[in-house]
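Please read them alongside the coordinates.

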Amino acid sequence: MSAEETRAHPAWLPPEAFRALGARRVLVHGDGSIVDTVLDEVARACARYGGRVWHSPSWDVAVDLVLALRGADELPSPSAESARAAGEAALVAAGSGAVLGDEGFLLARAGEVTAVLADAPAGLLYGLFHLVRLGPAAFESTRPPERHRPALRRRMLNHWDNVAVHPVMGQVERGYAGGSIFWRDGRPRGDLARVREYARLLAACGINAISVNNVNVGRTEARLLTDRLGDVADIADVLRPYGIRVHLSVTFAAPVVLGGLPTADPVDEAVRAWWSAKTRQVYERIPDFGGYVVKADSEGQPGPFTYGRDHADGANLLAGALAPHGGVVHWRAFVYNHHQDWRDRSTDRARAAYDHFVPLDGRFAANVVLQVKFGPVDFQVREPVSPVLAAMPATRLAVELQVTQEYTGQQRHVCHLGPWWSEVLRFAPWGPGGRTVADVAAGEAGSGGGLVAVANVGDDVFWTGHPLAQANLYTVGRLAWDPRLDPRAVLDEWIALTFPPSAIADPKLVGRTLHDVMDGSWRTYERYTAPLGVGFMVHPGDHYGPDVDGYEYTRWGTYHFADRDGVGVDRSRASGTGFAGQYPPYWAHVYESPERCPDELLLFFHHVPYGHVLHSGSTVIQHIYDAHFAGVEEVEAMRGRWRTLKGLIDPAVYERVERRLDEQVRSATEWRDQINTYFFRKSGVPDAHGRRIY
Ligand code: GCW
């Protein structure tokens, strides 16, 4: 491995972010590989910033900070012991049995000492990164005790990385940050130092599981389950000290393509035996293996339908093989007919996941997690929340988000998705004030499926192509840990870590400017792309840039139905596809009528005339014009703001972003002009403000 390969941007863990911690006298109390990680982080910080670290048992030392496993022996130093006692007292005061769990931690102050206590090593690691986020504030004497536990048990990334380069999709499907950090040209990359850096970044934002290959499983990738398992084990070894488990995407046809069996029928005894044997071998090699991820009967991937079985049969087959070892199968609900006839107005892709899966509620084994894309179609910049999330009370559901910006600017555009994900996670499918999507993913007593996000990382020096897209990865981890976090506060956290104030001449200006560039960028992106929730209008295949009719006459089921009179998809029960009726009564009622439907989703649910008046007071056609002119102006303003940072931040980051902002301005302008022109030509309605439309 060359030095070149390991030199990557430090993202949200630059050495400077460890300054406050590194200047302290620190005692780490506990044992095991994850505790060693904590120790190593602290030691590196102290070596740089003049602090000291001890690993107990140790002599009687005076310390400023103690990170201790609660079960470990009494602490050697009286000051550390009193901080621990203060922490224990705070825990008791917090009630609920004083439990921190596998990953939780407590932060407390006593005298001049800060204590981080955890029941398990991973909690100590998360506590450490919490200290890093707090910086000097972790050592303020007045700081009240805090207890932290993740809301979601599994916080997972799916990599759509191919081992062998796919002729169309390349090394990483929908990857916009170079090659894969795991694989290259059919083989492991061998750059495990980079993978270790990655694991560190993920632990610091709370991710605890990753799948290392694409859900579209090709011939080479299939073999990761069998003769190439060693490559997966090597990755697992590197991730383990950071509290991250490895999962594998497998093909449902594996018994045929790898095992030479005549069938992959889930009820066939030989098929069951094959999966059990292979899974046992996986656990012999990787004892903490997380489980399988499966895309079945979807976009050409094999599945149980081939054998006349349903998805519960399919998922339970793999669940059965995993259960003795404590593994889970993530079974994706992204199943729809991708050979639709555009002439057929009755088939609705948005309905598909519900129609396929809801009848199966109650039939999935306990270790099946049904992984549901957050929206009913496909990771658009605006969609309603998937009704499946409210319709399967007897199934463990995970919500799936897309960090890789397939439909949101492909990491050439600034599109900070935190506010959007926050909106999705806070959405209350049974009506305002009720349980939220995050509650569903959390489940009763942590029994839910958690959160899964498609990763946006590659071998690019900035990890994510666009340096500011790092914030999306950071944010998804933080929101999975605590979906109630204010996304704007998370953005500021990311800014402060990545651009540490102590290393910047004018930190206030830099912080404010970055915040202003990024915070509203998702809504800006929405303004200059497909209007009012109708979605797509992207260039077919690569999904970058505008092509209003690109998918209109295709088999993919993503249409807008614009004609000279109006636009949008009628998904009402009364006159449309009935999709609106898949929601619980509150939202079914809201979405059913164009009068009640929120503006931003109007064209997702209804076909309306161009003159239809929105709640905003504007007509649909005037809204389209206004939003598109405004969107481009906002991008230009964004670029103007960015330019004020020249000379104030790392020039490499500055220049990469500047170049991409030029492309964003170009692309947004193209979107504006194509969309406005298209609708002007269709409708014949001029812009009320007489602006230039072609
Ligand atoms: O968004 C679509 C993408 C496919 C992807 C699919 C999926 C991995 O265009 O590239 O395949 O979703 O989620 O399975």
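1. A contact here means heavy atoms within 4.5 Å. On that basis N676 touches I624, Y625, H628, F629 and I693, not counting residues up to four places away in sequence. N676 itself lies in helix α22, which covers residues 651–683. Its relative accessibility is 1%, so N676 counts as buried, the cut-off being under 20%. This is a predicted model, and the points that follow should be read accordingly.

2. As general background, nonpolar side chains tend to be buried together in soluble globular proteins.

3. Leaving aside neighbours within four places in sequence, W12 is in contact with L201, A204, C205, Q470, L473, Y474, W494, L497 and T498.

4. Turning to the open space, the largest pocket holds about 870 Å³. It is lined by 33 residues, of which D102, E103, R153, R154 and N208 are the closest to its centre. By class, the lining consists of 14 nonpolar, nine polar and 10 charged residues.

5. Which elements each supply at least two residues of that lining? They are α5 and β13 (245–249). Helix α5 gives the most, with three residues.

6. Helix α5 runs over residues 121–134, and its 14 residues reach 20 Å from the first C-alpha to the last, close to the 20 Å expected at 1.5 Å a residue. The helix is mostly covered, with 13 of its 14 residues buried. Just after α5, G135 takes a positive phi of about 60 degrees.

7. Helix α11 (residues 311–322) can be checked for length in the same manner. Its 12 residues should span 16 Å at 1.5 Å a residue, and the end C-alpha atoms are 17 Å apart, which agrees.

8. Is α11 mostly covered or mostly exposed? It is mostly covered, as nine of its 12 residues are buried. The buried positions are H311, A312, G314, A315, L317, L318, A319, A321 and L322.

Note on methods: Residues are numbered from 1 along each chain as its sequence is written. This is a predicted model: local features need pLDDT of at least 70, side-chain atom pairs count only at pLDDT 80 or more; totals for chains, interfaces and linings use all residues. Side-chain values use heavy atoms; hydrogens and water are left out. Helices (H or I, at least four residues) and strands (E, at least two) are DSSP runs, numbered from the N terminus. The expected span of a helix is 1.5 Å times one less than its number of residues. Buried means under 20% relative accessible area, exposed over 50%, partly exposed in between (1.4 Å probe, protein chains only). On a 1 Å grid over the protein atoms alone, a cavity is a set of points where a 1.4 Å probe fits but cannot get out, and a pocket is an open set with protein on both sides within 12 Å along at least five of seven lines; lining residues have an atom within 4 Å of a point. Grid points are joined across faces, edges and corners, and a volume is the space filled by probe spheres set on the points. Ala, Val, Leu, Ile, Met, Phe, Trp, Tyr, Cys and Pro count as nonpolar, Asp, Glu, Lys and Arg as charged, and the others, Gly among them, as polar.
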